[in-house]
Amino acid sequence: MLNCKDVSEDATDHLEGEATFMDGVSLRFHLLICKHCRRFYRQFRIAVGTSAKLRTIDAPTDAEIDDLVRKLKEHY
């Protein structure tokens, strides 16, 4: 049976689909009985999902940043 420390260490593997079936069962059982880990896991799942979406956004180029700075200086 997992303890709270195990949940925090194994959450990434579970969310990325790298956990075994039995690891997933153990995690879900622990989440059923531990409200603190349920909260942690829910928040962690949201954070992982958000960061995955952010990785798909291309960072602006240096030229785009310079252009934006120039426009802001002209405006203000």
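Guide: Happy to. Start with the positive surface patch, which is made up of R28, K35, R38, R39, R42 and R45. Before going on, a word on the source: this is a predicted model, where local features need pLDDT of at least 70, side-chain atom pairs count only at pLDDT 80 or more, and totals for chains, interfaces and linings use all residues. Residues are numbered from 1 along each chain as its sequence is written, and side-chain values use heavy atoms, with hydrogens and water left out.

A patch here takes residues with over 30% relative accessible area and no salt bridge, joining like charges within 9 Å and nonpolar side chains (Val, Leu, Ile, Met, Phe, Trp, Tyr) within 5 Å. The areas are Shrake-Rupley values with a 1.4 Å probe, and for residues only the protein chains shown count as cover. A salt bridge is a side-chain nitrogen of Lys or Arg within 4 Å of a carboxyl oxygen of Asp or Glu. Lys and Arg count as positive, Asp and Glu as negative, while His and the chain ends are not counted. Each charge is placed at NZ of Lys, CZ of Arg, CG of Asp or CD of Glu.

Helix α3, residues 35–55, gives the most to the positive patch, with 5 residues. (Helices are DSSP runs of H or I, at least four residues, numbered from the N terminus.) R38 sits in that helix and is partly exposed, at 33% relative accessible area; buried means under 20%, exposed over 50%, and partly exposed in between, with a 1.4 Å probe and protein chains only.

D10, D13, E16, E18 and D23 form a negative surface patch. D13 belongs to helix α1 and is partly exposed, with 34% relative accessibility.

Next along, H14 is also in helix α1, but H14 is buried, at 18%. Setting aside neighbours within four places in sequence, H14 has contacts (heavy atoms within 4.5 Å) with A19, G24, L27, R28 and Y41. One of these, R28, is a member of the positive patch.

L15 is in helix α1, residues 4–15, and is partly exposed at 28%. With neighbours within four places again left aside, L15 touches Y41, F44, R45 and V48, and R45 is another name from the positive patch. L15 and G49 are 34 residues apart in sequence, yet 9.5 Å apart in space, C-alpha to C-alpha.

Definitions and conventions
Helices (H or I, at least four residues) and strands (E, at least two) are DSSP runs, numbered from the N terminus.
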